[in-house]
Amino acid sequence: MLIDSHCHLDFPVFDQDRDAVISRAVNESVSRFVVPSTTVASFADVLELVQSSPRIFGALGLHPYFLSEHGESALAALHQALGQHAGEIVALGECGFDARLADHDAQWQLFEAQLSMAREFSLPVIVHCVRANDEVAKRLKNARLTRGGIIHAFAGSQVQAERFLELGFVLGLGGSVTYPRARKLRGVVASLPKDGFVLETDSPDMPLQGFQGQRNEPARVAEVARSVASLRESTLEAISETTSRTVQRILQLSA
(Lines give C-alpha, C1' and ligand atoms only; values in the text may rest on other atoms or scores of the structure.)
Protein backbone atom coordinates (compact mmCIF):
# COMPACT_ATOMS: atom_id res chain seq x y z
CA MET A 1 0.00 0.00 0.00
CA LEU A 2 1.21 3.46 -0.95
CA ILE A 3 -0.21 6.80 0.17
CA ASP A 4 0.10 10.01 -1.80
CA SER A 5 0.39 12.40 1.13
CA HIS A 6 -0.04 15.53 -1.00
CA CYS A 7 -2.06 15.81 -4.20
CA HIS A 8 -4.53 18.41 -5.44
CA LEU A 9 -7.21 16.17 -6.90
CA ASP A 10 -9.70 19.01 -6.47
CA PHE A 11 -8.01 21.13 -9.16
CA PRO A 12 -10.07 21.71 -12.33
CA VAL A 13 -7.40 20.00 -14.46
CA PHE A 14 -8.78 16.70 -13.12
CA ASP A 15 -12.46 17.49 -13.70
CA GLN A 16 -12.73 15.50 -16.93
CA ASP A 17 -11.07 12.27 -15.76
CA ARG A 18 -10.75 12.34 -11.97
CA ASP A 19 -12.17 8.82 -11.50
CA ALA A 20 -9.78 7.44 -14.11
CA VAL A 21 -6.84 9.20 -12.40
CA ILE A 22 -7.77 7.59 -9.10
CA SER A 23 -8.19 4.19 -10.75
CA ARG A 24 -4.74 4.41 -12.34
CA ALA A 25 -3.28 5.20 -8.94
CA VAL A 26 -5.06 2.29 -7.27
CA ASN A 27 -3.71 0.01 -10.01
CA GLU A 28 -0.22 1.14 -8.92
CA SER A 29 -1.04 0.22 -5.30
CA VAL A 30 -1.66 3.84 -4.29
CA SER A 31 -4.65 3.31 -2.07
CA ARG A 32 -5.03 6.62 -0.22
CA PHE A 33 -4.79 10.29 -1.08
CA VAL A 34 -4.38 13.40 1.07
CA VAL A 35 -5.83 16.50 -0.60
CA PRO A 36 -4.97 19.90 0.93
CA SER A 37 -6.93 23.01 0.02
CA THR A 38 -5.38 26.24 -1.19
CA THR A 39 -8.11 28.90 -0.91
CA VAL A 40 -11.45 29.41 0.81
CA ALA A 41 -13.11 28.75 -2.55
CA SER A 42 -11.53 25.29 -2.64
CA PHE A 43 -12.80 24.17 0.79
CA ALA A 44 -16.09 22.87 -0.61
CA ASP A 45 -14.38 20.91 -3.40
CA VAL A 46 -11.95 19.25 -0.97
CA LEU A 47 -14.74 18.34 1.43
CA GLU A 48 -16.82 16.94 -1.43
CA LEU A 49 -13.94 14.68 -2.44
CA VAL A 50 -13.53 13.50 1.16
CA GLN A 51 -17.20 12.65 1.33
CA SER A 52 -17.09 10.86 -2.03
CA SER A 53 -14.51 8.21 -1.15
CA PRO A 54 -13.00 6.55 1.94
CA ARG A 55 -9.66 6.66 0.10
CA ILE A 56 -9.49 10.46 0.19
CA PHE A 57 -8.52 12.55 3.22
CA GLY A 58 -8.69 16.32 3.28
CA ALA A 59 -6.92 19.28 4.82
CA LEU A 60 -8.08 22.88 4.94
CA GLY A 61 -5.72 25.83 4.72
CA LEU A 62 -4.67 28.98 2.87
CA HIS A 63 -1.72 28.64 0.49
CA PRO A 64 0.73 31.59 0.29
CA TYR A 65 0.76 31.42 -3.51
CA PHE A 66 -2.84 32.63 -3.55
CA LEU A 67 -2.26 35.49 -1.13
CA SER A 68 -4.11 37.96 -3.36
CA GLU A 69 -7.24 35.77 -3.14
CA HIS A 70 -7.24 35.63 0.66
CA GLY A 71 -9.42 38.61 1.55
CA GLU A 72 -9.99 40.00 5.01
CA SER A 73 -12.56 37.30 5.76
CA ALA A 74 -10.39 34.35 4.70
CA LEU A 75 -8.96 33.56 8.14
CA ALA A 76 -12.40 33.80 9.72
CA ALA A 77 -13.78 31.46 7.05
CA LEU A 78 -10.96 28.99 7.70
CA HIS A 79 -11.55 29.09 11.44
CA GLN A 80 -15.25 28.44 10.95
CA ALA A 81 -14.58 25.57 8.53
CA LEU A 82 -12.06 23.93 10.86
CA GLY A 83 -14.62 23.91 13.64
CA GLN A 84 -17.53 22.84 11.47
CA HIS A 85 -15.67 20.01 9.72
CA ALA A 86 -13.35 18.87 12.50
CA GLY A 87 -14.29 15.23 12.04
CA GLU A 88 -13.83 15.30 8.28
CA ILE A 89 -10.30 16.66 7.93
CA VAL A 90 -6.92 15.35 9.04
CA ALA A 91 -4.73 18.47 8.97
CA LEU A 92 -4.50 22.21 8.49
CA GLY A 93 -2.95 23.04 5.16
CA GLU A 94 -1.61 23.77 2.75
CA CYS A 95 -0.10 26.79 4.45
CA GLY A 96 3.39 28.20 4.73
CA PHE A 97 5.86 30.62 3.16
CA ASP A 98 7.45 30.99 -0.26
CA ALA A 99 10.44 33.33 -0.57
CA ARG A 100 9.93 33.54 -4.34
CA LEU A 101 6.64 35.36 -3.84
CA ALA A 102 6.00 38.97 -2.92
CA ASP A 103 4.76 40.52 0.34
CA HIS A 104 6.75 38.47 2.82
CA ASP A 105 5.24 40.23 5.83
CA ALA A 106 1.71 39.31 4.79
CA GLN A 107 2.79 35.71 4.12
CA TRP A 108 4.27 35.38 7.61
CA GLN A 109 1.17 36.87 9.21
CA LEU A 110 -1.05 34.45 7.33
CA PHE A 111 1.17 31.51 8.25
CA GLU A 112 1.35 32.35 11.94
CA ALA A 113 -2.40 32.88 12.15
CA GLN A 114 -2.90 29.40 10.74
CA LEU A 115 -0.36 27.90 13.14
CA SER A 116 -2.38 29.40 15.97
CA MET A 117 -5.49 27.67 14.61
CA ALA A 118 -3.64 24.38 14.28
CA ARG A 119 -2.73 24.63 17.95
CA GLU A 120 -6.30 25.56 18.90
CA PHE A 121 -7.83 22.63 17.02
CA SER A 122 -4.96 20.23 17.77
CA LEU A 123 -4.29 19.57 14.09
CA PRO A 124 -1.07 18.64 12.32
CA VAL A 125 0.13 21.10 9.70
CA ILE A 126 0.99 20.60 6.03
CA VAL A 127 3.66 23.21 5.36
CA HIS A 128 4.67 24.76 2.05
CA CYS A 129 8.24 25.97 2.58
CA VAL A 130 10.40 27.36 -0.24
CA ARG A 131 13.83 28.87 0.41
CA ALA A 132 12.95 29.57 4.03
CA ASN A 133 13.64 26.37 5.96
CA ASP A 134 15.46 27.99 8.88
CA GLU A 135 12.90 30.73 9.44
CA VAL A 136 9.95 28.35 9.03
CA ALA A 137 11.52 25.98 11.56
CA LYS A 138 11.98 28.87 13.98
CA ARG A 139 8.35 29.89 13.70
CA LEU A 140 7.13 26.30 14.03
CA LYS A 141 9.12 25.99 17.24
CA ASN A 142 7.73 29.26 18.60
CA ALA A 143 4.18 28.18 17.72
CA ARG A 144 4.35 25.36 20.29
CA LEU A 145 2.05 23.12 18.29
CA THR A 146 0.38 20.18 19.99
CA ARG A 147 1.07 18.02 16.93
CA GLY A 148 3.68 18.10 14.16
CA GLY A 149 2.97 17.64 10.50
CA ILE A 150 4.54 17.38 7.07
CA ILE A 151 7.08 19.67 5.40
CA HIS A 152 5.79 19.42 1.85
CA ALA A 153 8.34 19.05 -0.97
CA PHE A 154 11.34 19.27 1.32
CA ALA A 155 14.45 20.56 -0.43
CA GLY A 156 16.82 21.54 2.36
CA SER A 157 20.04 20.37 3.96
CA GLN A 158 20.76 17.55 6.36
CA VAL A 159 20.88 19.98 9.29
CA GLN A 160 17.55 21.52 8.29
CA ALA A 161 16.00 18.08 7.90
CA GLU A 162 17.13 17.13 11.39
CA ARG A 163 15.69 20.30 12.85
CA PHE A 164 12.26 19.64 11.35
CA LEU A 165 12.36 16.08 12.63
CA GLU A 166 13.20 17.32 16.12
CA LEU A 167 10.08 19.51 15.97
CA GLY A 168 7.87 16.50 15.28
CA PHE A 169 7.58 16.99 11.54
CA VAL A 170 8.32 14.54 8.74
CA LEU A 171 9.54 15.42 5.26
CA GLY A 172 7.46 15.11 2.12
CA LEU A 173 9.45 13.62 -0.77
CA GLY A 174 8.19 13.99 -4.32
CA GLY A 175 9.31 14.34 -7.89
CA SER A 176 12.49 16.22 -7.03
CA VAL A 177 14.15 13.08 -5.67
CA THR A 178 13.88 11.41 -9.09
CA TYR A 179 16.29 13.91 -10.70
CA PRO A 180 19.98 12.89 -10.63
CA ARG A 181 20.99 16.56 -10.51
CA ALA A 182 19.33 16.93 -7.08
CA ARG A 183 22.44 15.52 -5.45
CA LYS A 184 22.15 17.31 -2.12
CA LEU A 185 18.53 16.29 -1.62
CA ARG A 186 19.19 12.71 -2.68
CA GLY A 187 22.04 12.54 -0.17
CA VAL A 188 19.71 13.71 2.59
CA VAL A 189 17.08 11.16 1.58
CA ALA A 190 19.62 8.36 1.83
CA SER A 191 20.39 9.22 5.45
CA LEU A 192 16.94 10.00 6.89
CA PRO A 193 15.49 7.79 9.63
CA LYS A 194 13.00 5.35 8.16
CA ASP A 195 10.08 7.04 9.92
CA GLY A 196 11.19 10.56 8.99
CA PHE A 197 9.62 10.95 5.57
CA VAL A 198 6.49 10.37 3.50
CA LEU A 199 5.82 10.22 -0.24
CA GLU A 200 3.87 12.68 -2.37
CA THR A 201 3.32 13.89 -5.91
CA ASP A 202 1.86 17.41 -5.55
CA SER A 203 -0.27 16.49 -8.56
CA PRO A 204 -0.84 18.08 -10.99
CA ASP A 205 2.49 19.87 -10.37
CA MET A 206 6.10 18.79 -9.68
CA PRO A 207 6.57 16.34 -12.60
CA LEU A 208 9.01 13.48 -12.18
CA GLN A 209 12.14 12.83 -14.20
CA GLY A 210 11.01 11.60 -17.61
CA PHE A 211 7.56 13.19 -17.31
CA GLN A 212 8.50 16.87 -17.73
CA GLY A 213 5.76 18.93 -19.32
CA GLN A 214 3.06 16.41 -18.41
CA ARG A 215 0.31 16.65 -15.84
CA ASN A 216 1.46 14.85 -12.72
CA GLU A 217 -0.77 12.14 -11.23
CA PRO A 218 -0.94 10.27 -7.91
CA ALA A 219 -0.09 7.00 -9.67
CA ARG A 220 3.46 8.29 -10.02
CA VAL A 221 4.02 8.21 -6.28
CA ALA A 222 5.02 4.61 -7.03
CA GLU A 223 7.92 5.97 -9.11
CA VAL A 224 8.89 8.27 -6.25
CA ALA A 225 8.89 5.23 -3.97
CA ARG A 226 11.16 3.33 -6.36
CA SER A 227 13.63 6.23 -6.48
CA VAL A 228 13.67 6.51 -2.69
CA ALA A 229 14.12 2.75 -2.36
CA SER A 230 17.10 2.88 -4.71
CA LEU A 231 18.69 5.82 -2.88
CA ARG A 232 18.30 4.06 0.46
CA GLU A 233 19.31 0.63 -0.87
CA SER A 234 15.96 -0.67 0.28
CA THR A 235 12.98 -2.34 -1.40
CA LEU A 236 9.78 -0.87 -2.78
CA GLU A 237 7.82 -3.00 -0.33
CA ALA A 238 9.75 -1.70 2.67
CA ILE A 239 9.44 1.94 1.58
CA SER A 240 5.72 1.50 0.91
CA GLU A 241 5.12 -0.02 4.32
CA THR A 242 7.16 2.43 6.39
CA THR A 243 5.95 5.59 4.64
CA SER A 244 2.31 4.51 4.86
CA ARG A 245 2.72 3.88 8.58
CA THR A 246 4.32 7.30 8.97
CA VAL A 247 1.43 9.07 7.21
CA GLN A 248 -1.02 7.17 9.38
CA ARG A 249 0.88 8.19 12.51
CA ILE A 250 1.30 11.87 11.65
CA LEU A 251 -2.27 12.40 10.37
CA GLN A 252 -3.88 9.78 12.61
CA LEU A 253 -5.44 7.92 9.71
CA SER A 254 -7.16 4.65 10.45
CA ALA A 255 -5.11 1.56 9.58
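Trainee: On what basis are residues numbered and features reported here?

Mentor: Residues are numbered from 1 along each chain as its sequence is written, and side-chain values use heavy atoms, with hydrogens and water left out. The model is predicted, and local features need pLDDT of at least 70, side-chain atom pairs count only at pLDDT 80 or more, while totals for chains, interfaces and linings use all residues.

Trainee: In what order do the eight strands of the open sheet lie?

Mentor: Strands here are DSSP runs (E, at least two residues; helices are H or I, at least four), numbered from the N terminus. Two strands pair if DSSP finds at least two bridges between them. Strand S1 (2-4) and strand S8 (197-199) each pair on one side only, as the edge strands. The pairing is parallel, and the order is S1-S2-S3-S4-S5-S6-S7-S8.

Trainee: Which residue is the bridge partner of Gly96 in S5?

Mentor: S4 and S5 are joined by five bridges in the parallel sense. In S5, the partner of Gly96 is His128.

Trainee: At what angle does helix H4 (residues 104-121) run to S4?

Mentor: Contact means heavy atoms within 4.5 Å. Axes are lines fitted to C-alpha atoms, for helices over the stretch in contact, and angles run from 0 to 180 degrees between N-to-C directions. H4 lies across S4 and S5, and its angle to S4 is about 160°.

Trainee: How far apart are the axes of H4 and helix H5 (residues 133-143)?

Mentor: Two packed helices are described by the angle between their axes and the distance between the axes. The contact includes Trp108 and Phe111 of H4, with Val136 and Leu140 among the residues of H5. H4 and H5 pack at an angle of about 35°, and their axes are apart by 10 Å.

Trainee: Which strand gives the most to the lining of the largest pocket?

Mentor: A pocket is an open set of points on a 1 Å grid over the protein atoms alone, where a 1.4 Å probe fits, with protein on both sides within 12 Å along at least five of seven lines; lining residues have an atom within 4 Å of a point. Of the 22 lining residues, the closest to the centre of the largest pocket are Asp98, Arg100, His128, Val130 and Met206. Strand S4 (89-98) and strand S5 (125-130) are the elements that give two or more residues to this lining. With three residues, the strand that gives the most is S5.
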